[in-house]
Amino acid sequence: MIDSPEKLAIAVLGVGHFGRFHALKVAAGARTRLLGVHDADPARAAAVAAELGVRADGAEALIAEADAVIVAAPTRAHYALARIALEAGKPVLVEKPIAATVAEAEALVDLAAAQGVVLQVGHIERFSAAFRAVMQAPAGGRALSFEAVRAAPFRPRSLDVSVVLDLMIHDIDLLTALAGGPPETVDAVGCAVASERPDFAVAHLGFPGGRRATITASRVSIAMERRLRVLGTEGELSVNFLERSLAVLRRGGAEPVATMPGSGLDRLSWTDHDSLEAEQAGFVAAVLGEAPPVVDGEAGLAALKVALAVEEAMERNRLLSAS
């Protein structure tokens, strides 16, 4: 924990598309100031530094001066950068996925614990108004089946990882939270379409107690789609994230359903807020000892384990279908 300074001096390591947004939010934060930025591409670091009126420097030099560090570099660099910061005793917010491998993730979790510093993982969906609405929605009985779809047209970014680590990991984290723990079984299919790594994936997860989940993620879709469906012993919960609407069919619901006496619909909506700003505010609160991190290293590790199991299942099924 850091004694509360006037503003936390934060270094942002990695200022590509999303890292630049992190730097912008830190620079504008009420409780933060941007110490400087680092990127593997010196020209990009210099451009963002000039835009925000800070210096571009080496990662170790910035870490030495910073109160806390945000790692928003490509996934392959997460472990090395976060490890340097944690070894220096600096709190770290590392973008999702926490690392490229389970061994790297476990090492970061252990190092943060040994150093007694905050390690937060950037599962930004946990800070969204939509996530809060889903978690606070009335239950439609005991959940038995989960279906999640997250699809978008192709954009040439985040191609250093598969669609599983790029997009699906958000819904893996969400369904793990809804199910109360990780799955016991994982199966999946997927394919590379427009990049060198799988661009769509369909995963089938088996949770304790016989519950099942299907998660579809695509970054080569015709149109944007984002929805969630939970089937339970009383009815269902249905969410359209793009329309910001949620409905629950359950016993005693507020809006009667003529064909189902005793059951009714509860309809909810939400107003979006700045999830990245909320995520950084949560990190600052954790660094100052005001609250535990919402998504700690253990949570990031759990999501990574499932995501990599999905990737392994995809590869196994690809080899089977090719034989």
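Helix H1, residues 17–28, and helix H2, residues 42–52, have axes that come within 11 Å and cross at roughly 25°. Axes here are lines fitted to C-alpha atoms, for helices over the stretch in contact, with angles from 0 to 180 degrees between N-to-C directions. H1 is therefore roughly parallel to H2, a label given to angles under 35 degrees, with over 145 counting as roughly antiparallel, 65 to 115 as roughly perpendicular and the rest as oblique.

This is a predicted model: local features need pLDDT of at least 70, side-chain atom pairs count only at pLDDT 80 or more, and totals for chains, interfaces and linings use all residues. Residues are numbered from 1 along each chain as its sequence is written, and side-chain values use heavy atoms, leaving out hydrogens and water. Helices (H or I, at least four residues) and strands (E, at least two) are DSSP runs numbered from the N terminus.

The crossing of H1 and H2 is right-handed, meaning the near helix is turned clockwise from the far one by less than a right angle. H1 contributes Arg20, Ala23, Leu24 and Ala27 to the contact, and H2 contributes Val48, Glu51 and Leu52; contact means heavy atoms within 4.5 Å. By class, that is 5 nonpolar, no polar and 2 charged residues.

Now the strands, where pairing requires at least two DSSP bridges. E7 (residues 143–151) pairs antiparallel with E11 (residues 225–232) over 8 bridges, and Ala143 has Gly232 of E11 as its bridge partner. E11 also runs antiparallel to E12 (residues 236–240), joined by 5 bridges. There, Leu231 stands opposite Glu236. A hairpin of 3 residues links E11 to E12.

How values were computed
Nonpolar A, V, L, I, M, F, W, Y, C, P; charged D, E, K, R; others polar.
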